[in-house]
Amino acid sequence: MNGLVAIAAAIAVFTGVGAGIGIGIATSKAAEGVSRQPEAAGQIRGITLLGAVLAEATAIYGLFIAILLYLKLG
Amino acid sequence: MSDLNTELNHAMLPHEMFSIPVPFTDYKIPVTDTVVVTWIIMAVIILFAYIFTKKLSMVPQGKQNFAEVVVELVNNLVKDAVGHHWRLFAPYLGTVLLFLIVSNIVSIFNIIPNGEQLHKLTHMEIFEHFPNFALRPPTKDINVTACLAIMSILLVVIGGIRVKRLSGWLKHFLHPIPVMLPFNILDYVIKPLSLCLRLFGNILAAFIIMELIYMAFPPVVPAAFSIYFDLFDGLLQAYIFVFLTSLYVGEVVE
């Protein structure tokens, strides 16, 4: 039973893959935007941060589920 | 394996240090180490606030310069996100920012060895009964972050009603089209939930990773990782919490 819970927690943490890809895309587009229009750097920084944070939230939910599995069932 | 498991569990979960009896009843209020660390942080912030704002003058000099830079930083951050009515929200958001900055990076000041370590080191009997206390970030306890998130959403509601009056505030639920009503109501549940879980998850994840590194290889290596996981991540998450709260406020107030 313990082993199965560990595997379930590991699968839940896989949500990090999506967040990683999302933050990568957001940052690459931000770098492109700044190199094209350096004067808009301030605004772009705020938007990038917001996008990265929202993308990261999915990974955090995965982590949260994993921790709950580990604490309540493991 | 099970040794590591129990040690990690012990570090991860808040544990009760002592309890305050309620007069005339049998009930006792448990005080966890999270609360004690929060008290210490509050004392430090109040002390610094007192020292830095003593003897204020029109022409700033010395430590007053630093205090003014901090206040200016918070004001600009709030002004960018909230707009016209920033003056109403800057004090609260600045307070939360200061508290989160100190509480997220507090584990780098954790230099006092706890009772167990002292007992191992010196083999003296007295240390065995010392309370097992370490400066761990209070934001790794979900109760603290849930509290902060609820306070943030209350700020959004009260600020919205204060600025737009009750009728104007109620109207914004139907904002783009009336069909959006359920989603706008749902917003007030999802926003605090995601704020709470984001801060909690990030700090706890960084804390667990640091704890594993301490167990795996105690000398030198944790110092390098600590710069990223404790300092950088902690400061970033404190900034993000305040940034998102001010964004939510700005959304309603503008």
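Predicted model: local features only at pLDDT ≥ 70, side-chain atom pairs only at ≥ 80, totals over all residues.
Along the principal axes, the C-alpha atoms of chain B occupy a box of roughly 70 × 50 × 50 Å. Of the 254 residues in chain B, 40% are buried. Among contacts in chain B with a separation of 6 or more, 67% involve residues 24 or more positions apart.

Charged side chains come next. Side chains of opposite charge can pair when their charged atoms come close. Over all chains, the search of the whole structure returns 4 salt bridges. One of these salt bridges joins the side chains of B:Asp33 and B:Arg136, with an N to O distance of 3.9 Å. This pair links distant parts of the chain, with B:Asp33 in helix α2 (residues 33–52) and B:Arg136 in the loop between α5 (115–122) and α6, 103 residues apart. B:Asp33 has a relative accessibility of 3% and therefore counts as buried. B:Arg136 likewise counts as buried, because its relative accessibility is 14%, and the cut-off for this class is under 20%.

The side chain of B:Lys191 meets that of B:Asp187 in a salt bridge of 3.6 Å, N to O. Both residues belong to helix α7 of chain B, where B:Lys191 and B:Asp187 are 4 residues apart, about one turn of the helix. B:Lys191 is buried, at a relative accessible area of 13%, while B:Asp187 is partly exposed, at 29%. B:Lys191 also forms a salt bridge with B:Glu251, at 3.1 Å from N to O. Here again the pair links distant parts of the chain, as B:Glu251 lies in helix α8 and B:Lys191 in helix α7, 60 residues apart. B:Glu251 counts as exposed, with 53% relative accessibility. Through shared partners, the salt bridges join B:Asp187, B:Lys191 and B:Glu251 into one network.

B:Asp233 is buried but has no salt bridge, and the nearest side chain of opposite charge, that of B:Arg198, is 11 Å away. Apart from neighbours within four places in sequence, B:Asp233 is in contact with B:Asn202, B:Ala206 and B:Tyr228.

A pair of aromatic rings is described by the distance of the centres and the angle of the planes. Over all chains, the count comes to 10 aromatic pairs. One of them is the edge-to-face pair of B:Trp169 and B:Phe173, 5.2 Å centre to centre with 80° between the planes. B:Trp169 counts as buried at 10% relative accessibility, and B:Phe173 counts as buried at 12%. B:Trp169 forms another edge-to-face pair with B:Tyr188, at 6.3 Å centre to centre and 75° between the planes. B:Trp169 lies in helix α6 (residues 142–171) and B:Tyr188 in helix α7 (residues 181–216), so this pair ties together parts that are 19 residues apart in sequence. B:Trp169 and B:Tyr188 are both buried.

Elsewhere in chain B, one aromatic cluster is formed by B:Phe225, B:Tyr228, B:Phe229 and B:Phe232.

Finally, the passage turns to the interface. The size of an interface is often given as the accessible area lost when the parts come together. Between chain B and chain A, the buried area is about 1400 Å², with 78% given by carbon and sulfur atoms. On the chain B side, B:Leu197, B:Arg198 and B:Phe243 lose the most area to chain A, together 30% of what that side buries. The contact involves 20 residues from chain B and 14 residues from chain A. Across this interface of chain B and chain A, 0 salt bridges are found.

Methods: Residues numbered from 1 in each chain as written. Chains lettered and ligands numbered in written order. Heavy atoms only, no water. Buried < 20%, exposed > 50% of the residue type's maximum accessible area, 1.4 Å probe, protein only. Lys, Arg positive; Asp, Glu negative; His and termini not counted. Contact = heavy atoms within 4.5 Å. Phe/Tyr/Trp six-rings, centres within 6.5 Å; stacked < 30°, edge-to-face > 60°. Helix = DSSP H or I, 4+ residues; strand = E, 2+ residues; numbered from the N terminus. Buried area = accessible area lost by both parts, 1.4 Å probe.
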